[in-house]
Amino acid sequence: MYIFVKATSEMNYASWGWIYVDINGAKGPNTYGKDIFGFGIYANSSWNKSQQPKLIPIGMREFANLDMSLACLSGDTYTGYLAEGDFKSGEFCTGWIMRYENVDYLHCKEHLIKTGEHSCK
């Protein structure tokens, strides 16, 4: 397993940085949403020492005001949204896994897009 930590260069939307976990280390496919999953470290804009920063899976509603289910399925890139650079849609799938407890977006993506369901079953 590899764990990568990236700090932001400025406090953008009160985010402090990012943690990415590659669950199988150097082995492939090294792809967001398949074996690499991300988390944002952030505090609200009125953060003070009495409040602890939060670790939010990228793709959870609390992370941003986007439809993360669609972001995970779409294949779109979200430029500069709560981060430096681009978010690939696979990064948003961390929230899918936490919310729906499956990786069905890898197995029946077209069905999920068409029906709005969250499982192949």
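1. Taking the bonded cysteines of the chain in sequence order, they pair 1-2, 3-4. Two disulfides turn up in a search of the whole structure, a disulfide being a pair of cysteine sulfur atoms within 2.5 Å. This is a predicted model, where local features need pLDDT of at least 70 and side-chain atom pairs pLDDT 80 or more, while totals for chains, interfaces and linings use all residues. Residues are numbered from 1 along each chain as its sequence is written, and side-chain values use heavy atoms, leaving out hydrogens and water.

2. C72 is joined to C93, S to S 2.0 Å. The pair links distant parts of the chain, with C72 in helix α1 (residues 68-74) and C93 in helix α2, 21 residues apart; helices are DSSP runs of H or I, at least four residues, numbered from the N terminus. The S-S torsion is about 105°, so this disulfide is right-handed. C72 is buried at 6% relative accessibility, and C93 is buried at 1% (buried: under 20% relative accessible area; exposed: over 50%; partly exposed: in between; 1.4 Å probe, protein chains only).

3. The sulfur atoms of C108 and C120 are 1.9 Å apart in a disulfide. C108 sits in the loop between α2 and α3 and C120 in the segment after α3, so the pair ties together parts twelve residues apart in sequence. With a torsion of about -100°, the disulfide is left-handed. C108 is buried at 14%, whereas C120 is partly exposed at 32%.

4. Do look at N102 too, in the loop between α2 (93-100) and α3 (109-115). N102 is buried, with a relative accessible area of 14%.

Conventions. Helix = DSSP H or I, 4+ residues; strand = E, 2+ residues; numbered from the N terminus.
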